[in-house]
Amino acid sequence: MTTLTTNSIANSKPTAPVRDEIRTFIILTALLVAVPISGLYPFFVMNALCLALFACAFNLLIGYGGLLSFGHAVFLGTAGYITAHALKVWTVSPELGIVLGVAASTALGVVTGLVAIRRQGIYFSMITLALSQLVYFIYLEAPFTHGEDGIQGVPQGKLFAFIDLTNPIVLYYVVLAVFLAGFFLIYRSINSPFGEVLKSIRENEPRAISLGYKTDHYKLLAFILSAGLAGLAGAMKVFVAQNASLTDVYWTMSGEVVLITLLGGLGTVFGPVVGAFIIAAMQEYLASFGQWVLVIQGTIFVICVLTFRRGIVGEVAHYFKMSL
Amino acid sequence: MQALYAQLLVGLINGSFYALLSLGLAIIFGMLNIINFAHGALYMMGAFCAYFLLSVGGLSYWWALVLAPIVVGLFGILLERTMLQRLAGLDHLYGLLLTFGIALILQGVFQNYFGSSGLPYAIPDLLTGGVNLGFMYLPIYRGWVVIFSLAVCVATWFVIERTKFGAYLRAATENPTLVRAFGINVPRMIALTYGLGVGLAALAGVLSAPINQVRPLMGADLIIVVFAVVVIGGMGSIMGSIITGFTLGVIEGLTKYLYPEASNTVVFVLMVLVLLVKPTGLTGRAA
């Protein structure tokens with residue numbers, strides 16, 4: 001059986017990939033830093049950055065571990081709910097709110113990871129989807145989430161008591177800093193010995209086991225890391241949108257992150273970022289089309305799977321023989 | 001006690017749908033190595049088909065019972081020929097992604113034209129009313145759904161386990177290349193299998209139309225429960241899928257009576273328990 005990602009073939013020159021990636025990373029950072037002076041709507045970019053971090057966390061699992069989680073929204077949404085609740089009801093400081101949110105989704109990652117990694121492949125996807133639906137129903141009935149209404153009007157407050165998050169420009173740079181930190185952490189992870197083992201599991205799990213690796217430990221660790229980082233994205237989203245709602249835990253959101261990563265390029269470093277900006281733009285500009293957005297998303301899925309499984313960044317990288 | 005029996009009946013009905021849908025998923029997975037995420041959307045199309053046949057064509061429920069699975073089955077064959085077929089040899093997960101996309105398209109189109117609210121579909125005259133069984137009042141239509149679904153499940157089991165076509169099918173599931181070498185048209189069989197699995201989903205949709213109303217998203221949440229059912233039962237055995245489907249429906253009904261708050265989640269909780277005790281599922285082989 002072929003492996004899931006056609007982007008997994010290594011490049012010819014061993015030192016070139018790192019150079020390409022770092023160069024691209026610097027360009028990306030420069031572009032993002034310049035956003036406030038470009039006249040782009042900062043809330044749109046912030047929203048896209050949260051989605052991008054979420055998708056990068058998801059890509060860590062699918063692109064490098066070969067694990068397709070179809071319930072990843074639950075980590076985004078859990079951190080969102082906990083952070084929003086902590087900020088609004090317990091009136092904690094923003095940094096503590098983020099820590100609590102990330103801790104909650106990490107803990108949930110431990111529990112769901114332990115259950116889900118008991119099966120491989122397609123079953124793993126079905127199990128993560130079913131578990132996310134279980135958590136969704138719990139949130140639907142739990143009083144603190146306020147059901148269909150969600151947690152509205154969450155105060156943004158002052159980060160470390162002096163960074164005023166109610167100022168959109170300040171908030172933008174905080175979101176950007178968190179995104180870059182999360183992105184860098186993922187980049188380091190996939191290029192570490194841990195990442196190499198993860199890739200070997202994706203390519204051939206029985207062989208990795210026969211080499212003496214406890215693959216379940218690696219998969220669980222990747223799952224927890226991914227859940228925690230998805231939680232970080234969810235916590236930041238609360239500061240941007242000032243609310244937490246059921247949409248962020250529903251399976252449609254889980255499908256969306258799959259779409260973002262697939263469109264950008266599974267197993268590419270920058271694919272999820274590109275995908276997130278495209279999907280965020282699509283939602284922004286096509287919002288008036290109502291249900292047709294779903295149809296368009298479905299069509300993108302079908303086209304991606306049938307014609308370009310490498311995704312946008314994967315195709316570009318393949319064409320220019322670069323690593324992106 | 002009346003309430004208990006009523007909930008058990010509801011559970012049996014849901015169990016019928018779980019059984020019909022998970023049966024179709026299992027057959028399709030066996031042959032195509034694809035988890036058909038579009039199954040819920042095709043179930044919905046079955047119900048809509050019945051609705052159109054009645055409102056536009058004036059054809060009764062009984063016609064729908066025959067025609068809807070054929071129409072949706074043919075549509076499924078078209079999907080298989082034009083798209084799913086191209087995924088042969090690729091990772092299973094691509095099949096999941098492709099059929100997820102198809103489900104989004106189908107549900108989006110129907111939602112766009114029919115909104116999210118339900119369209120009513122009347123119970124056929126012959127099956128209206130109910131009988132008093134002494135210990136409970138049984139609406140005839142609901143009894144019919146359970147018995148008819150059971151009959152269809154057993155018939156499907158018979159076709160696959162006891163007929164020549166079924167033997168070919170099972171052989172092609174094990175080793176398609178070898179079966180092809182015997183001169184059997186395996187690609188056509190794959191398309192027919194997909195049509196059969198999808199037809200079962202459409203049949204479940206027709207059966208559910210008078211009970212649950214006809215809604216574009218009627219299959220969206222249902223399919224996730226059916227995935228859990230499939231994880232619990234495993235996809236290795238046809239009879240296993242049928243029994244697991246009905247049993248979980250009944251357990252869900254029982255939960256509705258004993259502890260209603262958990263009725264939405266009980267199947268998922270059971271899935272977790274089964275995974276902890278027996279990761280391969282109750283009847284499944286290791287995947």
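**Reading the spans, core and interface of a predicted model**

Guide: The UniProt annotation "transmembrane region", from an unreviewed entry, covers residues 22-44, 51-76, 96-115, 122-139, 169-187, 220-239, 259-280 and 292-312 of chain A. The model itself is predicted.

Visitor: How far apart do the end C-alpha atoms of residues 220-239 and of residues 259-280 of chain A lie?

Guide: For residues 220-239 of chain A the distance is 29 Å, and the span is 100% helix and 0% strand. For residues 259-280 of chain A it is 12 Å, with 73% helix and 0% strand.

Visitor: Which residues touch the most other members of the largest nonpolar core?

Guide: That core has 202 residues, and those residues are A:Leu53, A:Phe54, A:Ala130, B:Ala50, B:Ala202 and B:Ala228. Helix α3 (residues 42-65) of chain A gives the largest share of this core, 17 residues. Leaving aside neighbours within four places in sequence, A:Leu53 is in contact with A:Phe179, A:Gly182, A:Phe183, A:Leu229, A:Leu232 and A:Ala233.

Visitor: Which residues of helix α14 of chain A are buried, and what covers them?

Guide: In α14 (residues 311-319) of chain A, the buried residues are A:Gly311, A:Ile312, A:Val313, A:Gly314 and A:Ala317. Their cover includes α11 (251-264), α12 (271-285) and α13 (292-306) of chain A. Just after α14(A), A:Lys321 has a positive phi of about 50 degrees.

Visitor: How is the size of an interface often given?

Guide: Often as the accessible area lost when the parts come together. Here there is a count of residues: 39 of chain A are in contact with 38 of chain B. On the side of chain A that touches chain B, α6 (121-141), α11 and α13 of chain A each supply at least two residues, and α6(A) gives the most, with 14 residues. By class, that side has 24 nonpolar, twelve polar and three charged residues.

Notes:
Residues are numbered from 1 along each chain as its sequence is written. Chains are lettered from A and ligands numbered from 1 in the order in which they are written. This is a predicted model: local features need pLDDT of at least 70, side-chain atom pairs count only at pLDDT 80 or more; totals for chains, interfaces and linings use all residues. UniProt positions are given in the numbering used here, feature names are shortened, and annotations may be inferred rather than shown by experiment. Helices (H or I, at least four residues) and strands (E, at least two) are DSSP runs, numbered from the N terminus. A residue is buried if 20 or more other C-beta atoms lie within 10 Å of its own, exposed if 12 or fewer, and partly exposed in between; C-beta atoms are placed from the backbone. Two residues are in contact if their C-beta atoms, placed from the backbone, lie within 7 Å. A nonpolar core is a set of buried Ala, Val, Leu, Ile, Met, Phe, Trp, Tyr and Cys residues joined through C-beta atoms within 7 Å. Ala, Val, Leu, Ile, Met, Phe, Trp, Tyr, Cys and Pro count as nonpolar, Asp, Glu, Lys and Arg as charged, and the others, Gly among them, as polar.
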